[in-house]
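Please look through the report below, which goes through selected local features one after another. The sequence and the structure come first.

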Amino acid sequence: LTALCDELWWVDGGRVVSRGAPAEVLAQYRRASMEHVRAWAAGRGAELHPSLRRGDGRAALESVETLDDQGRPAVVWRSGEPVAVRVRVRYQTAVEDPVVGIMVRTRIGFEVFGTNTELEGVTLGPCAAGEMRTVVFRFSCALCPQEYTLTAASHDRDGVWHDWMEDAVAFSVSDTRYTAGVANLRAAVTLE
């Protein structure tokens, strides 16, 4: 549209919302579209639908939630905003020193980011049978707009899985502009 048009009209419900230079009207439309999608997704938690679940049963992942910048469940994140993943684990038997971790992947399975409580220096145990732990991973959503999945697990430090949910939840990232790739590095560009 920016290459073919001198002027662009954005019409919604029979009313002209904006008209003018194509780049300006498209930017307004993208912002409005992103906010519309985020408003629709606000407060919606992702349902657990792991593609694979495995482990020895000493723990059960009870919930895996994607949270927006206000700490509310959200299935759409805005690129660049502070976000969080909350994982709730109930230990079925005593576990001396459990580790809880997450992995973000693209829709084609490319590993984008992963961390766990051991890497982050957080100790969860010992945990008695019946005890629950809630772990929250907070970070800036430095992802490009597209669809992602989130894997979560509880395991021993030596890697023996208690409960592992592969692709437990799906979520999307939106932005007001197109960015290629996976990582949104928010480049600052100057002309020298």
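## Aromatic rings

Which residues do ring pairs link into a cluster? The cluster is formed by Trp77, Phe113, Phe139, Tyr148 and Phe171, where rings of Phe, Tyr and Trp (its six-membered ring) pair if their centres lie within 6.5 Å, and planes under 30 degrees apart count as stacked, over 60 as edge-to-face and the rest as tilted. This is a predicted model, in which local features need pLDDT of at least 70 and side-chain atom pairs count only at pLDDT 80 or more, while totals for chains, interfaces and linings use all residues. Residues are numbered from 1 along each chain as its sequence is written, and side-chain values use heavy atoms, with hydrogens and water left out.

By the ring rule, the count comes to five aromatic pairs. One of them joins phenylalanine 113 and phenylalanine 139, with 5.6 Å from centre to centre and 50° between the planes, and this pair is tilted. It links distant parts of the chain, since phenylalanine 113 belongs to strand β8 and phenylalanine 139 to strand β9, 26 residues apart; strands (E, at least two residues) are DSSP runs, numbered from the N terminus. Phenylalanine 113 has 35% relative accessibility and therefore counts as partly exposed, a class that lies between buried (under 20% relative accessible area) and exposed (over 50%), with a 1.4 Å probe and protein chains only. The rings of tyrosine 148 and phenylalanine 171 also form a pair, which is stacked because their centres are 5.6 Å apart and their planes stand at 20°. This pair again links distant parts of the chain, with tyrosine 148 in strand β10 (residues 146-155) and phenylalanine 171 in strand β11, 23 residues apart. Both tyrosine 148 and phenylalanine 171 are buried.

## A charge over a ring

The charged end of arginine 54 sits over the ring of tryptophan 161, 4.3 Å from the centre of that ring. For this description, NZ of Lys or CZ of Arg must be within 6 Å of the ring centre and within 35 degrees of the ring normal.

## The loop between β8 and β9

Is threonine 117 buried or exposed? Threonine 117, found in the loop between β8 (111-116) and β9 (132-140), has a relative accessible area of 2% and is therefore buried. Leaving out residues up to four places away in sequence, threonine 117 touches Pro98, Val99, Val100, Val122, Leu124, Val135 and Phe137, where contact means heavy atoms within 4.5 Å.

Proline 126 also has its place in the loop between β8 and β9. The peptide bond that leads from glycine 125 to proline 126 is cis, with omega near 5°.

## Backbone angles

Most residues other than glycine have a negative phi, and most peptide bonds are trans. Aspartate 167, in strand β11 (residues 161-174), has a positive phi near 50°, and its relative accessible area of 24% makes aspartate 167 partly exposed. Arginine 186 lies in the segment after β11 and has a positive phi of about 50°, although it is not a glycine. With 41% relative accessibility, arginine 186 counts as partly exposed.

Valine 11 lies in strand β1 (residues 8-12), and at 48% relative accessibility valine 11 counts as partly exposed. Valine 16 lies in strand β2 (residues 15-20) and is also partly exposed, with a relative accessible area of 40%. Between valine 11 and arginine 133, which are 122 residues apart along the chain, the C-alpha atoms are separated by 50 Å.

Definitions and conventions
Helix = DSSP H or I, 4+ residues; strand = E, 2+ residues; numbered from the N terminus.
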